[in-house]
Structure formats: C-alpha cells, structure tokens
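Colleague: I have the sequence and the model open on my screen. Could you walk me through chain B?

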Amino acid sequence: MAATIRIQRERFDTAAESAKLTRGRTDIGAVVTFTGICRGAEDGAPLKALTLEYYPGMAEAEIARHVDDAQARWPLLGVTVIHRHGRMEPGEDIVLVVTASSHRQAAFEAASFIMDFLKTRAPFWKQVEQGDATAWVEATKADDAAAQRWVKKDAAE
Amino acid sequence: MKILYFAWVRERVGKTDEDVDVPHGVTTVSDLVAWLAGRGEEYAYAFENPRVIRAALDRTHVKPETPLGGAREIAFFPPMTGG
C-alpha cells in the first residue's frame, strides 16, 4: 500500500485528499479523516497566530516510520498524512490524517495511532503569538499518555 | 560533525546549524551536550537543563547514553509539539 506523506506551507483540501484514496476502487469500505485546526484561544487567552517549525528530512522519515507501524497493525488500504509548516491563523487547518480500510475499526484506530505518535515523535514545534508576545508551546503529559496507551495495549495483549 | 538546533534551542544558541570537530573523550550524546554547554554563555543557556533536551542522530530519536559512533548529523531540540 502506498502512503502519501507531505509537509507543506500551502493549505490542503480534506475532501480532495479523501477522494484521491477512494477514486476508482470498491474494496474500501471506510475512510476516516482527522483534521487538526488552529484554535483562536489558548488557556483562555486569544491567539493571534501560530508558527510551525520542523526538521526537514527527519519529519517525513519519522511520520513514515509510524505509518509503516500502522500498516503492520491494521489492514489499511490507503494512508495520507499532510502537515503544514509556517505561520497560520485561527481557523486554518494544520494537519490532516486520512486512513482507508475495508472496515471502520481499522480506519478509526489507525488514524488515532498515527496522530498520537505524530504529536509526540514527529519533529515539529509550535510557537504562538498572543498579543505582542510569542512563546513556544510546551509539550503536554496528556499527549505523551495518548501515545503511551498504544504501547501498553501491546504489552497487555 | 554537523549539529542542528531547533525551536528555542536554536534561538538560545543563536544559530540554526554548525560544523564542529568533536574532541576525543566526547563519545555519547550526553557527553556532547555537556561539552557544548561549556562553549559559551549562549550554549550554557540552551543546555542549562539537559533533561528537557531531545536529540536525533542521523534523523532518528536517540537517548542521552547513545554513542555518537560514526554519525554525520545530530540535532538538538525541545520536546515536540506538532499535530
């Protein structure tokens, strides 16, 4: 199965990316799309914009590693991951994960798995503009825990 | 060896990347962090809390105790916040 992984400054079209995975096929019974969107407030404070920095070369490779892991775990028929970089304002899409499979459970779980690892392992960093100040977003324990639950699940099985 | 810095590590060091000759005796990732921290105020500030610094050797995540080996590139950065 070929996966599409792109890191780009430009906006993306969620519907078009989903359609690309299913066009001309009848074996796919489920497509899940996850879109991460820039919020207009963070911890109650209005957010003017966020800027995403990334490590070219490694970011693509790290996403590919987790897409490969997802393919080994679930019977996927298509995967697309697009992550934007640069400056974006509230309401703009940041990241897209599309997973396709014969049945919904694999598509749901694989999309969630890829996002959890993307947040904690892919080398991207967010900087927010609030008022006249800029600040680097700090990693959260909740995101670490979300990624860790896939590891625990393995150990229990 | 090429060293890359990202996010606030890059801001504190004041450069995106540099080529350095790693001295003998500096054999692991944490050795390199300790050596870099002694190179000047900006490095001391960037690496003041080594526990929050993440590293990638030839574009793969590594732990502080990982040997540098024959790696060509190492990157230092804070915990990731993408997605």
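Modeller: Let me start with a term: a nonpolar core is a set of buried Ala, Val, Leu, Ile, Met, Phe, Trp, Tyr and Cys residues joined through C-beta atoms within 7 Å. A residue is buried if 20 or more other C-beta atoms lie within 10 Å of its own, exposed if 12 or fewer, and partly exposed in between, with C-beta atoms placed from the backbone. This is a predicted model, in which local features need pLDDT of at least 70 and side-chain atom pairs count only at pLDDT 80 or more, while totals for chains, interfaces and linings use all residues. Residues are numbered from 1 along each chain as its sequence is written, and chains are lettered from A and ligands numbered from 1 in the order in which they are written.

Colleague: Which residues touch the most other members of the largest nonpolar core?

Modeller: They are A:Ala110, A:Ile114, B:Phe6, B:Val9 and B:Ala75, in a core of 57 residues. Its largest share, 9 residues, comes from helix α3 (residues 104-121) of chain A.

Colleague: What is B:Ala75 in contact with?

Modeller: Leaving aside neighbours within four places in sequence, B:Ala75 is in contact with A:Tyr55, B:Leu4, B:Phe6, B:Ala55 and B:Ala56, where contact means that the C-beta atoms, placed from the backbone, lie within 7 Å.

Colleague: And how many residues of chain B are in contact with chain A?

Modeller: 14 residues of chain B are in contact with 22 residues of chain A. On the chain B side, the elements giving two or more residues are α1 (7-13) and β5. That side divides into 9 nonpolar, 4 polar and 1 charged.

Colleague: Changing topic, what is the order of elements in chain B?

Modeller: From the N terminus on, they run β-α-β-α-α-β-β-β, with helices (H or I, at least four residues) and strands (E, at least two) taken as DSSP runs and numbered from the N terminus.

Colleague: Which residues of α2 in chain B are buried?

Modeller: In α2 (residues 29-37) of chain B, B:Val29, B:Leu32 and B:Leu36 are buried. They lie on the same side of the helix, because they cover an arc of only 60 degrees around its axis, the arc being that of the directions from the helix axis to the C-beta atoms. The buried residues of α2(B) pack against α3 (41-46), β3 (54-57), β4 (60-62) and β5 (73-77) of chain B.

Colleague: Why does B:Leu32 count as buried?

Modeller: Because B:Leu32 has 23 other C-beta atoms within 10 Å. Not counting residues up to four places away in sequence, B:Leu32 touches B:Val22, B:Val26, B:Leu68 and B:Ile74.

Key: Contact = placed C-beta atoms within 7 Å. Nonpolar A, V, L, I, M, F, W, Y, C, P; charged D, E, K, R; others polar.
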